[in-house]
Amino acid sequence: RPLLMRYPGGEATRRYYQDAAIRATLEKVARGENRALLALATGSGKTFIAVNLLKRIADAGQLRRALFVCDRDELRSQGLGAFQNVFGSNAAPVSSGNPQTNARILIATYQTLNVDTEDADASFLTKHYPENYFSHVIIDECHRSAWGKWSQVLTRNSKAVQIGLT
């Protein structure tokens with residue numbers, strides 16, 4: 001069903017390679033594979049791809065909750081703006097004082113989830129989000145994610161569709 005959904009804003013809103021990445025990911029998910037890695041050049045619109053992937057999945061009625069994880073505040077702010085343009089108040093930033101459990105799409109940093117160092121205990125993640133809380137997890141700049149305890153985001157959501165952007 002997500003493959004049949006239209007893009008918000010019309011068909012001319014994306015570049016050909018963005019469409020190819022979205023279609024390839026949706027086809028992979030349709031085959032029952034729950035992991036994808038998208039490698040694109042800097043400035044090629046990885047956040048745009050993430051937003052439109054989730055929008056098409058949501059429009060098909062297959063999105064329960066999604067987590068978009070990035071490694072610094074600037075990327076969280078950028079991602080939040082892009083997601084809110086499409087999802088409105090259903091997209092919200094996670095902060096240490098507000099886990100945003102009422103929002104459908106959460107935008108968080110490793111630091112906020114407390115999975116950013118080897119000594120981290122993932123307490124924020126485990127306290128606020130039970131196992132398999134998210135149906136979709138997108139890791140932005142995932143090539144930078146090979147540190148700390150970040151893998152707990154994926155292992156605690158093993159049934160989720162997991163997409164890495166790099």
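The model is predicted: local features need pLDDT of at least 70, side-chain atom pairs count only at pLDDT 80 or more, and totals for chains, interfaces and linings use all residues. Residues are numbered from 1 along each chain as its sequence is written, and side-chain values use heavy atoms, leaving out hydrogens and water.

**Exercise 1.** Find where Glu33 sits and which side chain it joins in a polar contact.

*Solution.* 
- Step 1: look in the loop between H1 and S1, where Glu33 is found. Helices (H or I, at least four residues) and strands (E, at least two) are DSSP runs, numbered from the N terminus.
- Step 2: the partner is Arg31, at 3.2 Å. A polar contact is a pair of N or O atoms within 3.5 Å, one able to donate a hydrogen and the other to accept it within protein; residues adjacent in sequence count only if both atoms are side-chain atoms.

**Exercise 2.** Work out how the buried residues of H1 are arranged.

*Solution.* 
- Step 1: list them: Gln18, Asp19, Ala21, Ile22, Thr25 and Leu26.
- Step 2: seen down the axis of H1, they fall within an arc of 160° (taken from the directions from the helix axis to the C-beta atoms), so they line one face of the helix.
- Step 3: now find their neighbours: these residues pack against strand S1 (35-38), helix H2 (46-59) and strand S6 (161-165), where contact means heavy atoms within 4.5 Å.

Conventions:
Buried < 20%, exposed > 50% of the residue type's maximum accessible area, 1.4 Å probe, protein only.
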